[in-house]
Amino acid sequence: MAQMINRGKELIRISPKQSNKIEYSTNDGRSWISRYSGTSAGDFHDLTDNGKEILAQTSKGLYYSTNEGRSWILRKRN
């Protein structure tokens with residue numbers, strides 16, 4: 001897993017300043033836009049592109065997103 005993944009035309013990353021925030025870039029990382037910020041999934045540790053979904057290991061468990069990281073659903077609690 002990684003702190004940043006390449007998904008289609010976007011880079012998606014865990015914010016380096018706020019680990020409960022997901023950001024994306026459409027210009028190869030020159031600028032970043034917030035996509036998700038919240039506490040329900042906890043702090044993000046790792047991301048991986050799993051084809052139809054993004055997987056995230058967080059402080060609260062394994063989460064997945066089917067909408068490019070806009071929302072997260074618990075798959076397995078720690």
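Visitor: What do the side chains of arginine 7 and aspartate 49 form?
Guide: In this predicted model, the side chains of arginine 7 and aspartate 49 meet in a salt bridge, with 2.5 Å from N to O; the term stands for a side-chain nitrogen of Lys or Arg within 4 Å of a carboxyl oxygen of Asp or Glu. The pair links distant parts of the chain, since arginine 7 lies in strand β1 (residues 4–7) and aspartate 49 in strand β5, 42 residues apart. Strands here are DSSP runs of E with at least two residues, numbered from the N terminus, just as helices are runs of H or I with at least four.

Visitor: Before I go on, how are residues numbered, and what does the model leave out?
Guide: Residues are numbered from 1 along each chain as its sequence is written, and side-chain values use heavy atoms, with hydrogens and water left out. This is a predicted model, where local features need pLDDT of at least 70 and side-chain atom pairs count only at pLDDT 80 or more, while totals for chains, interfaces and linings use all residues.

Visitor: Back to that pair: is arginine 7 buried or exposed?
Guide: Arginine 7 counts as buried because its relative accessibility is 11%, whereas aspartate 49, at 34%, counts as partly exposed. Buried means under 20% relative accessible area, exposed means over 50%, and partly exposed is in between (1.4 Å probe, protein chains only).

Visitor: Which residues are linked in a network of salt bridges?
Guide: Arg7, Asp49 and Glu68 are linked in such a network, and the count of salt bridges comes to five by this rule.

Visitor: Okay, what does arginine 13 meet in a salt bridge?
Guide: The side chain of arginine 13 meets that of glutamate 23, at 2.7 Å from N to O. This pair also links distant parts of the chain, with arginine 13 in strand β2 (residues 10–14) and glutamate 23 in strand β3 (residues 21–25), ten residues apart. Arginine 13 is buried, with a relative accessible area of 18%, and glutamate 23 counts as buried at 9%.

Visitor: And which ring does the charged end of arginine 13 sit over?
Guide: The charged end of arginine 13 sits over the ring of tryptophan 32, 3.9 Å from its centre; this is counted if NZ of Lys or CZ of Arg is within 6 Å of the ring centre and within 35 degrees of the ring normal. The charged end of arginine 75 sits over the ring of tyrosine 64, 4.2 Å from its centre.

Visitor: New topic: why is the pair of tyrosine 36 and phenylalanine 44 edge-to-face?
Guide: Their ring centres are 5.9 Å apart and their planes are at 85°, so the pair is edge-to-face. Rings of Phe, Tyr and Trp (its six-membered ring) pair if their centres lie within 6.5 Å, and planes under 30 degrees apart count as stacked, over 60 as edge-to-face and the rest as tilted. Tyr36, Phe44 and Trp72 form one aromatic cluster.

Visitor: Last one, in what order do the four strands of the open sheet come?
Guide: The order is β5-β6-β7-β8, with antiparallel pairing, where two strands pair if DSSP finds at least two bridges between them. The edge strands are β5 (44–49) and β8 (73–77), each pairing on one side only. Four bridges join β7 (residues 61–65) to β8, and the bridge partner of glycine 61 in β8 is arginine 77.
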